[in-house]
Amino acid sequence: MRVTTTVNGTEQHVDDVWPGESLLYMLRERMGLPGSKNACEQGECGSCTVYLDGEPVCACLVAAGQAIGREVTTVEGLAAGGALHPVQEAFVECGAVQCGFCTPGLVVAAHDLLERVPRPSDLEIREALAGNLCRCTGYEKILDAVRLAADRQVRA
Amino acid sequence: MDFLQPTSWQDALALRGERPDALPLAGGTDVMVDINFDRRRPGALLDLGRVPELREWGQDDGRIRLGAGVPYAGIIGNLGAQLPGLAMASRTVGSPQIRIRGTVGGNLGSASPAGDAHPPLLAAGAVVEVASAARGTREIPVAEFYTGVKRNALEPDELIAAVLIPAASGPQQFSKVGTRNAMVIAVSAFACALHPDRREIGTGIGSAAPTPRRAPEAETFLAGELDDAGLWDSRNALPEPLAAAFGERVAAAASPIDDVRGSAAYRLHSLSVMARRAITWAWNDLREAA
Amino acid sequence: MSAEAGTRTTRITATPGGVGDTPLRPDGTLKVTGEFAYASDLWHDEMVWGATLRSPHPHARIAGIDITEALTLPGVFAVLTAADVPGENAFGLEHADQPVLASEFVRYEGEPVAIVAADHPETARRAAQRIRVDYEVLPAVTDPRRAMDADAPAVHRPGNLVRHLTLRRGNPDPKAPVVVSLDFEVGMQDQAFLGPESGLAVPGDDGGVDLYVATQWLHVDQRQICLALGLPPEKVRLTLAGVGGAFGGREDLSVHVHACLLALRTGKPVKMSYGREESFFGHVHRHPATMTYEFGAERDGTLVYAKANLLFDGGAYASSTAAVVGNGGTLGLGPYRFPSVAVDAYGVFTNNPPCGAMRGFGCVQAAFAHEALMDELADAVGVDRVEIRQRNGMREGDVNITGQVIDSAAPVAELLQIVRDLPMPPPLDPSDIRALPGAVGNTTHGEGVVRGVGYAIAYKNVGFSEGFDDYSTARVRLELTGGEPVATVHTAAAEVGQGLITVEQQICRTELGVERVVVHPKTTGVGSGGSTSASRQTYVTGGAVKAACESVRAVVLERAAALLGRSAGELRLDGEKLLGASGEVLLGLGDVLGTEAVEETVEWRHRPTHAIDPETGQGNAHVQFAFSAHRAVVDVDVELGLVKVVALDSAQDVGKAINPDAVVGQIHGGSAQGMGLALMEEMVVTDGHVRNPSFTDYLIPTILDMPPMQVQVLEYADPHAPYGVRGVGEPPTISSGPAVAAAVRAATGKALHRVPIRPEHITGT
């Protein structure tokens with residue numbers, strides 16, 4: 001089937017999509033956007049988190065056809081004009097990235113949190129990011145990164 | 001595999017009738033896992049995401065009519081006051097990303113005994129509104145909706161339209177045990193609702209029987225004891241032995257199994273503890289409200 | 001803390017971005033923008049997809065395989081079975097005992113039987129489903145305690161014993177006034193790296209193949225692939241693709257040979273990428289262990305003897321089992337002084353999933369037992385639990401249980417004191433359920449919650465042991481690029497997320513004084529870097545990079561000496577300048593380099609280790625020991641058995657922190673994995689069948705499960721190691737779990753001699 005959807009601001013057409021395909025597969029394998037990661041394919045790890053019409057969702061659990069006519073923003077679409085978004089910058093600076101496989105999903109989830117709650121408490125950060133598994137960092141530096149990004153965004 | 005995408009409720013029902021091999025797809029949080037893991041290959045996916053009627057909710061004669069496609073995040077954000085038990089349960093569903101997509105309709109469609117929405121729906125005495133193109137709409141009390149492990153009372157040509165849930169007339173509580181502090185399938189779950197207007201108690205048990213179920217004996221026992229002790233009027237503290245006896249009766253209503261998530265014995269034990277605590281919190285809320 | 005420990009810290013001249021600094025990791029920006037290419041992200045023109053058919057049985061004889069139906073499916077390019085393996089149908093890290101594709105027998109559920117290449121993953125899956133395998137199911141041995149019984153089914157000939165390590169020291173018949181003992185069981189943990197196994201094989205014009213794959217050791221993969229393909233190394237070229245975590249789970253082969261076979265057969269690039277469920281069947285796991293320990297002590301708690309019996313379930317193939325037994329046997333009594341010791345450690349074959357390397361192997365399992373027993377000994381003699389460890393703890397110069405002298409720092413007492421003295425977390429605040437056991441599950445508002453505190457100390461060997469030729473190779477090139485000196489460092493040592501590439505850059509900056517350091521992609525185009533495991537890469541590949549830089553520097557100085565007519569000994573290289581004896585600038589580095597690059601390749605080894613005596617287990621088996629301590633504070637809902645870890649604080653001696661931020665990151669992450677094993681992580685295997693191969697039921701800690709951590713790092717240089725470094729990655733995984741388990745025991749008053757501790761273990765239901 002044919003899927004037309006807007007990804008990172010650009011309308012895209014994809015043909016020959018198998019109806020059982022996920023939005024994640026379509027992004028990664030058909031649109032050249034492998035930034036969203038395929039770690040569990042069951043909505044348990046958050047590595048494939050993307051915005052669908054402005055809401056953070058697991059792209060592995062959205063059928064490709066469900067994205068027809070919708071707006072998708074992936075991690076590749078967060079850095080505006082080549083400059084890192086403050087959340088991305090903070091992840092790099094704080095050492096919140098090790099293997100980095102969880103990072104794209106965490107960046108999108110943290111981005112969403114700070115859009116909604118500019119100054120989250122630690123418990124709010126933890127509840128908001130509980131759907132994003134990380135196996136390398138023990139989450140300490142991820143918390144640091146979210147706090148730093150929040151600080152910078154509030155000041156800016 | 002076909003991808004069917006109706007844009008109205010009527011079209012959805014028509015397609016459901018024409019394609020018995022189609023699998024309804026809402027938030028995708030159950031269905032897509034089965035597709036991704038190669039557990040199901042239906043003849044078609046029937047995407048209900050573009051049926052606007054399903055995403056609506058509103059008042060309906062003292063009940064909240066919750067469209068089957070309203071996501072958990074919407075319940076948490078908008079219906080916490082009217083449906084406190086369901087909102088508490090919704091908060092425990094998966095992760096924020098899952099709560100944005102997952103729906104009560106999907107939970108009912110999957111009819112997993114571990115679905116988080118079931119216990120509060122049971123405790124509140126909800127009714128499931130289903131429909132088919134051929135026969136129109138019918139209402140099924142939620143307790144009769146679950147017919148077996150991952151089986152429900154839907155006919156092959158029916159879809160779930162909405163859930164009708166009485167707005168809370170008293171405090172409600174929901175508790176869920178999992179072996180992790182977030183994002184976990186229930187090992188056991190319990191919901192209770194106080195109905196002080198009619199001096200009744202509602203209960204719901206999850207993950208501890210082939211289907212979600214009520215604990216009717218516990219309900220009548222406690223309501224009767226509260227009556228006998230004049231507590232509905234006095235609003236005095238709930239005696240600890242009474243709460244404990246209630247908990248034991250809740251556990252007695254369950255018939256759990258051992259599985260990879262927990263033992264049957266633990267499920268029974270945890271239910272009795274959760275029920276004792278939750279009824280005490282609910283009662284305390286009632287006293288505070290008085 | 002590192003400042004206070006400064007008397008013994010290696011002093012290194014500060015170079016911006018050099019050793020001891022914390023430059024940003026060079027791949028960080030790519031990783032936050034989604035541009036970093038992991039193995040599963042690879043794509044190639046004309047690429048097709050591979051899929052694997054796996055055994056549903058833990059043990060069966062294959063009576064026949066019929067691939068006809070699979071081949072007829074449109075879009076299928078190849079279906080291969082054991083008969084299509086051109087070389088030896090065998091691979092394995094230590095013993096080549098595992099078939100590439102099962103031929104006569106399958107020995108575990110999930111063993112690869114056939115592979116398919118097709119135009120879409122779904123086509124490949126459907127084709128795999130159409131392969132007809134005729135299995136004759138055989139009796140399976142799935143209880144490791146039964147594996148060595150005479151009547152147990154043999155997983156391999158001649159029998160089910162992989163290794164038995166015997167260790168005897170001191171009095172063979174020791175007596176002590178106080179004797180404590182316990183049985184302890186550790187469940188099967190999974191590495192659960194987030195990036196599933198993946199690789200892309202591209203057939204070459206020369207009849208060879210280029211494989212881009214996520215792995216921990218390119219050269220050991222290459223050796224095994226060559227054997228299976230029947231090709232020489234120059235025709236099997238490996239490049240490290242982006243690795244989404246490893247933790248030991250990528251030491252053994254997964255997609256490697258399969259993707260190459262399909263590529264060579266189809267003439268097309270073949271990508272293989274496991275989903276999460278397949279990943280659980282596609283790599284080895286941490287060995288489950290059953291252990292019996294007995295400690296004898298004086299009435300004041302001074303240890304007199306230890307007896308221990310450790311049994312590791314190796315599953316169906318050998319993998320790293322022998323090394324796991326080696327570690328469990330030689331290190332499994334913990335960092336304590338024991339005059340007399342008798343240890344027997346066994347690894348056995350069963351028809352369970354194969355077990356092999358995972359962070360801290362052998363020691364992780366044993367530490368649960370020795371730390372639980374130390375607590376019981378402390379209680380038996382009425383000595384404080386920290387104090388008894390401090391009194392019996394190893395010190396530099398002590399002899400360990402294999403008779404090896406601990407010849408650098410062994411700050412057991414100090415590490416414990418540090419974690420004990422760290423500030424305690426605030427008391428329970430029941431106002432926000434997210435901070436309580438059960439969190440938003442709303443299971444308690446404070447009822448039933450009891451706080452517990454637990455301590456643990458552990459140690460681990462760094463690097464490969466028991467006489468293994470453990471080396472790494474580094475090639476460093478220094479040249480002018482765009483008028484500026486640039487160093488390029490090329491090693492085959494795998495970056496798996498830990499930050500080795502940053503360390504390689506830092507060492508080049510410090511040794512060569514240049515700012516710009518390029519890390520060459522990791523390939524088999526340079527000699528082996530050894531395994532990214534055993535906490536060894538900073539030590540061994542770091543040592544190789546340092547040595548290669550020294551060689552480059554020597555050549556530069558020789559060249560400069562020739563240009564200046566002086567002797568090289570009078571010159572030194574500093575900040576891209578050549579200085580004379582009194583620090584005067586004589587030449588710019590660019591003047592020396594001109595158009596001719598300097599390139600040196602060095603193979604570097606740490607001090608040799610030695611095999612242990614087969615009768616007594618005595619010998620200098622290990623090159624270095626690393627120590628870490630944890631204090632865990634938990635709130636336990638003792639009625640429901642739910643646990644919230646509220647603090648997990650750690651102190652570790654790292655010798656020298658090449659990159660202090662990365663060191664702390666390793667301690668955080670390693671601690672989380674240890675905590676996971678203590679409380680929730682277990683692959684549940686029943687009769688050889690894995691019951692929870694998914695992230696729904698194999699639970700790893702979320703951000704709501706991990707507490708804030710305080711970490712203190714000591715830097716007591718090891719005089720035998722480059723810069724004094726000591727391996728970092730594994731120790732935190734070893735001591736954190738036992739500390740958490742101890743804290744839960746303290747809160748509940750229960751013995752809890754099995755991990756993960758499940759709620760029903762606490763409630764007794």
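## Strand β10 of chain B and its partners

Ser132(B) stands opposite Glu158(B) in β10(B). Their strands, β6 (residues 127–132) of chain B and β10(B), pair in the antiparallel sense over 6 bridges; strands count as paired if DSSP finds at least two bridges between them. This is a predicted model, in which local features need pLDDT of at least 70 and side-chain atom pairs count only at pLDDT 80 or more, while totals for chains, interfaces and linings use all residues. Residues are numbered from 1 along each chain as its sequence is written, chains are lettered from A and ligands numbered from 1 in the order in which they are written, and side-chain values use heavy atoms, without hydrogens and water.

Strand β5 (residues 63–67) of chain B also runs antiparallel to β10(B), joined by 5 bridges. Here Ile64(B) has Ile165(B) as its bridge partner. Of the 9 residues in β10(B) (158–166), 8 are buried. Buried means under 20% relative accessible area, exposed over 50%, and partly exposed in between (1.4 Å probe, protein chains only). Helices (H or I, at least four residues) and strands (E, at least two) are DSSP runs, numbered from the N terminus.

## An enclosed helix in chain A

Helix α1 (residues 23–30) of chain A has 7 of its 8 residues buried, so the rest of the structure largely encloses it. Among the buried ones are Leu23(A), Tyr25(A) and Arg28(A). After α1(A) comes Gly32(A), with a positive phi near 70°.

## A loop residue in chain C

Where does Thr524(C) lie? Thr524(C) is in the loop between β21 (516–519) and α12 (537–564) of chain C. Thr524(C) counts as buried because its relative accessibility is 16%. Leaving aside residues up to four places away in sequence, Thr524(C) touches Leu218(C), His219(C), Gln222(C), Val236(C), Arg237(C) and Leu238(C); contact means heavy atoms within 4.5 Å.
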